[in-house]
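Student: Could you walk me through how to read a protein model, feature by feature? I would like the general idea and then the case at hand.

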Amino acid sequence: MTEKIRIAIAGYGNLGRGTEAAIAQNPDMQLTAVYTRRDPASVQLLDASVPVRRLDDIAQYKQEIDVLILCGGSKNDLPEQGPALAAQFNTVDSYDTHARIPQYFEAVDAAARAGGNVALISVGWDPGLFSLNRLF
């Protein structure tokens with residue numbers, strides 16, 4: 001049997017909830033935990049068996065995470081969290097402040113390279129799939 005990809009989520013708003021539901025639809029993935037800035041006891045996941053932990057504690061769980069999906073907002077969360085977390089984890093985010101993508105890319109790329117990680121930015125509808133549709 002092939003090992004499952006161990007996924008964690010950073011942030012649990014609408015995007016985090018949708019990400020949790022999407023992971024549940026993929027038998028080759030396992031949601032290992034959700035990390036939040038809120039009180040973990042106040043977060044109700046779709047799957048109550050998945051632990052909810054403080055985002056500040058994420059570094060101690062590095063060995064449990066293959067890919068960290070960043071579900072924070074592009075305006076305030078991702079500009080700080082993206083580079084900081086890409087330095088420690090392989091990450092995927094949906095950063096969508098179009099005018100600042102080049103600067104965000106540079107910051108995340110430098111952090112990911114320094115940490116020996118891979119970081120995919122601006123993955124989602126726009127930019128992302130919508131941008132590909134415009135290309136075609």
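Tutor: We will go from the overall fold to the cores, the rings and then one arginine. Keep in mind that this is a predicted model.

Student: Let us begin with the fold. How many helices and strands are there in the protein chain?

Tutor: A fold summary starts with the elements and their order. Here the protein chain has four helices and six strands, and along the sequence they follow the pattern β-α-β-β-β-α-β-α-β-α.

Student: How do I judge the overall dimensions, and what radius of gyration does the protein chain have?

Tutor: Compare the value with what a globule of that length would give. For 136 residues, a compact globule would have a radius of gyration near 14 Å, and the protein chain has 15 Å, so the two agree. Along the principal axes, the C-alpha atoms fill a box of roughly 40 × 35 × 30 Å. As for contacts with a separation of 6 or more, 56% are between residues 24 or more positions apart.

Student: What share of the residues is buried?

Tutor: Buried residues are 36% of the 136 in the protein chain. In soluble globular proteins, nonpolar side chains tend to be buried together.

Student: Which residues touch the most other members of the largest nonpolar core?

Tutor: That core has 18 residues, and Tyr35, Ile58, Ile65, Leu68 and Leu85 touch the most other members. Strands E1 (5-10), E2 (29-36) and E4 (67-70), together with helices H2 (78-86) and H3 (101-115), each give two or more residues to this core. Apart from it lies another core of 12 residues, including Ile7, Ile23, Leu45 and Cys71.

Student: Now the rings. How many aromatic pairs does a search of the whole structure find?

Tutor: For rings, look at the distance between centres and the angle between planes. The search finds two pairs. Tyr35 has a relative accessible area of 0%, so it is buried.

Student: Is the pair of Tyr95 and Tyr104 stacked or edge-to-face?

Tutor: Tyr95 and Tyr104 are stacked, at 4.0 Å centre to centre with 10 degrees between the planes. Tyr95 is buried at 3% relative accessibility, and Tyr104 is buried at 4%.

Student: Which charged end sits over the ring of Tyr61?

Tutor: For this feature, check where the charge lies relative to the ring. The charged end of Arg53 sits over the ring of Tyr61, 3.8 Å from its centre. Arg17 lies over the face of Tyr12, at 5.7 Å from the ring centre.

Student: Finally, where is Arg54 found, and is Arg54 buried or partly exposed?

Tutor: Arg54 is in strand E3 (residues 52-54). Its relative accessible area is 38%, between the 20% and 50% limits, so Arg54 is partly exposed. Beyond its neighbours within four places in sequence, Arg54 is in contact with Tyr35, Thr36 and Pro40. The C-alpha atoms of Arg54 and Tyr35 are separated by 5.4 Å, although these residues are 19 apart along the chain. The side chain of Arg54 also makes a polar contact with the side chain of Asp56, at 3.0 Å.

Methods
Residues numbered from 1 in each chain as written. Predicted model: local features only at pLDDT ≥ 70, side-chain atom pairs only at ≥ 80, totals over all residues. Heavy atoms only, no water. Buried < 20%, exposed > 50% of the residue type's maximum accessible area, 1.4 Å probe, protein only. Contact = heavy atoms within 4.5 Å. Polar contact = N/O pair within 3.5 Å; in protein donor to acceptor, adjacent residues only side chain to side chain. Core = buried A, V, L, I, M, F, W, Y, C linked by side-chain atoms within 4.5 Å. Phe/Tyr/Trp six-rings, centres within 6.5 Å; stacked < 30°, edge-to-face > 60°. Lys NZ or Arg CZ within 6 Å of the ring centre and 35° of its normal. Rg over C-alpha atoms; globule rule 2.2 N^0.38 Å.
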